[in-house]
Amino acid sequence: MEYGLDKRSNALKTFNTTFIIIWLLIACFPFIWTFWGSFKVRADFFSRADWWYAISAFNTLIETGGQFTSNAYSEAWTEGEFWKASRNTIIVTVFVVTISLFLGTLGAYALSRSTERYAFWILIAALIFRAMPHITLVSGYLFPFFELQIWGILPTTIVVLVAINQPFTLWLLYSFFKTVPKELDESALIDGCSYFQAFRYIIMPVMWPGVITAGLFSLMLAYNDFTVTALLLNQENHTMVPKIQSYLGTNQHEGNLMWAVSAVVSATAPLFMLVMFFQRQVISGLTTGAVKG
Amino acid sequence: MPNKTFFWFFLPTGLAMILFIGLPIISTGIQSFYAQHDQVVKEVKKCDPFGCTVSIVVDQEATSVIRDERPLGKFNGLGTYVDRNHLAIEQISEFWDETDTFGDFIDQVTNLPFYKALLFTLTYCLFVTPNVLLLGFIIALSLNAISRKIRGPLIFGTILPMIVTPLVGSLVLFWMIDAEGIIGANLQLIMEDPYLSLKSSRTLTWITIIIYGVWHHSPFAFVVFYAALQTVPQEPVEAAIIDGASRYQRIRHIVLPHIYPVVTFVALISLMDNFRVFEPIIGFSAEGSAQSLSWLIYDNLVNEEVILFGSAAATSMMTIIGIAILLAPVLIRTWKEFRTAR
């Protein structure tokens, strides 16, 4: 909206810039602060005496002899077994993304090419499923999973996350497939391709932007999930987010807060880098559903 | 596409959704009619030189036999729904008789666990959703006026609160706001109240969680509004400028009507997401003063002694009904549109 006619007064420009700067501070400072604090000892970052210790590193100097310490990281990753949690997260994320995309592209392609009425109702049903709070689904899973003795293991969680993710993936890919002209696969069908061949060799090659976007969202869901992973995995198989929660401690056992701080930074950094790299896709994914109606 | 081909293409995803979204809802429904078994007790006669005493102890063996035989629990009908931890029909009618003023009655009712959680969940939705829309729209307008060259990094900074998981987002804020954190400590200095802390006040906790909610969800509203702003046609805006419309009038009468469908979309999505608020309560360790419906279910499911399947399921069913009520207007509208389109 940069109009030649639209002259902004200087006051408005200043106000606008100030507003953006304040907002960015609110949005980003908590992360910068946590990153900074993760290199201090607990007595500094959670100081009872003086909050300025977090900057002057008073106790960090006494305890470790330096301004910064990476003790929290090395302890959390070894003693706290965060390496195991991140390994589990990688396994879960890779499988969830692959399976979601495989099921999602097939289903969304069919939905986008069907003219029947049931395709519409399936999309509405998917919207309703999307609205279900995950915790209500988990309360439905727990009992049958205990009975079938498939509780606590990674494959169960992967399948559950794929299913929970399907409604959103279907909607997203559906709107992407709609933008691919029908004539493309119709001509392939006339030339004697089967539907699957048309899908595999004609449509998929032009669908990469959509697939990458859908993949990113599946990844963020699997990577960020707390409800499902915390309740469906046993201690041994916990992924990063429930692991962070376990560092916080409960009434029964003392946690290790600095482990949690360093684990939060370790878990967030890869996500930020990924989004920085794929920013365009994330934004297009969020807006396809909305702007096109 | 022929029905048969459609079937095979859709089978995998359809199966996944039916098995892991459809069936669990049914399973939750069935579980909500059952309650965990009572413990079997037996009388043990103990005799010593001074006489015999009879004491009552839990018969662990018999209890576990019953549990193994019927793991679902005993049939309880709608019992779980109306008990003290859920709709609490009995308690409410008692309060109605006992209390003198309506205010007292409301106070009593909102102290019951289910209504307490419902009150928090609704308050959260009511305050977060409009503020998310407003803040998201202002950020979008504001960023839209900034030079295109530096917009990329600014957008990245703006969407950070949205891409982290709610648990991490709330922890990061909590560590700053808590009495030992940078903001909390400074607030104590400014207010000159060394005992001021998040945990000590219910109102403060609620406000903090609501602020967190706005912080976390605004970027989503921003992204969608920002994209919608790019599609606003230029001609009417230019015409309005020539006709002497003020900036506010232009936004009110040209931009807003244009992006109106998107506003309803964002409102719906954020309402759905806010209704399931749960992780911030854990992140802020706010269980004491703020409980949501989802948190109640979680609490039943992580119960130390026996998992309260029935109780969790009953709360789940009522949450689903809540979601259905929220979604109903949208579904009815879609259905009407669909019918007229035919």
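1. The domain bounds used in this note come from an automatic or database domain assignment. On that basis chain A is divided into domain 1 (10-69) and domain 2 (77-291), and the centres of domain 1 of chain A and domain 2 of chain A, taken over C-alpha atoms, are separated by 33 Å. Please keep in mind throughout that this is a predicted model.

2. The contact between the two domains of chain A takes 9 residues from domain 1 of chain A and 7 residues from domain 2 of chain A. On the side of domain 1 of chain A that touches domain 2 of chain A, α1 and α2 (42-45) of chain A each supply at least two residues, and the largest share, 4 residues, comes from α1(A). Sorted by class, that side of domain 1 of chain A has 5 nonpolar, 3 polar and 1 charged residues.

3. Chain B also has a domain assignment, which gives domain 1 (3-69) and domain 2 (112-302). Taken over C-alpha atoms, the centres of domain 1 of chain B and domain 2 of chain B are separated by 40 Å.

4. Turning to the contact between the chains, 78 residues are taken from chain A and 82 residues from chain B. On the side of chain A that touches chain B, the largest share, 12 residues, comes from helix α1 (residues 10-37) of chain A. By class, that side of chain A has 56 nonpolar, 17 polar and 5 charged residues.

5. Leaving aside its neighbours within four places in sequence, Leu106(A) is in contact with Phe9(B), Pro12(B) and Thr13(B). Within chain A, the C-alpha atoms of Leu106(A) and Leu170(A) are separated by 9.2 Å, although these residues are 64 residues apart along the chain. Is Leu106(A) buried or partly exposed? Leu106(A) is partly exposed, because 19 other C-beta atoms lie within 10 Å, whereas a buried residue would need 20 or more.

6. Helix α1 (residues 3-31) of chain B deserves a careful look in the structure above. The buried residues of α1(B) include Phe6(B), Phe9(B), Phe10(B), Thr13(B), Gly14(B) and Ala16(B).

7. What is the span of helix α9(A) from its first C-alpha to its last? With 25 residues, α9(A) reaches 35 Å, close to the 36 Å expected at 1.5 Å a residue, and yet a kink of about 45° lies at Gln166(A) in α9(A), shortly before the proline Pro167(A). Because 19 of the 25 residues of α9(A) are buried, α9(A) is largely enclosed by the rest of the structure.

8. A further helix of chain A, α15 (residues 257-277), has 21 residues that should span 30 Å at 1.5 Å a residue, and its end C-alpha atoms are 31 Å apart, which agrees. This helix, α15(A), bends by about 25° at Thr268(A), and the proline Pro270(A) follows within four residues. Among the buried residues of α15(A) are Trp259(A), Ala263(A), Val264(A), Thr268(A) and Val275(A).

9. The largest nonpolar core has 153 residues, and those that touch the most other members are Val138(A), Leu161(A), Ile244(A), Ala263(A), Val264(A), Val224(B) and Phe225(B). The largest share of this core, 14 residues, comes from helix α9 (residues 154-178) of chain A. Not counting residues up to four places away in sequence, Val138(A) touches Thr227(A), Val228(A), Leu231(A), Leu232(A) and Leu301(B).

10. Glu81(A), placed in the loop between α5 (71-78) and α6 of chain A, has a phi near 55°, which is a positive value in a residue other than glycine; Glu81(A) counts as partly exposed because it has 16 C-beta neighbours inside 10 Å. Ser285(B), found in the loop between α13 (279-283) and α14 (293-301) of chain B, has a positive phi of about 45° although it is not a glycine. With 17 C-beta neighbours inside 10 Å, Ser285(B) also counts as partly exposed.

How values were computed: Residues numbered from 1 in each chain as written. Chains lettered and ligands numbered in written order. Predicted model: local features only at pLDDT ≥ 70, side-chain atom pairs only at ≥ 80, totals over all residues. Nonpolar A, V, L, I, M, F, W, Y, C, P; charged D, E, K, R; others polar. Buried ≥ 20, exposed ≤ 12 C-beta atoms within 10 Å, placed from the backbone. Core = buried A, V, L, I, M, F, W, Y, C linked by C-beta atoms within 7 Å. Expected span 1.5 Å × (residues − 1). Bend = angle between axes of the 7 residues up to and from the residue.
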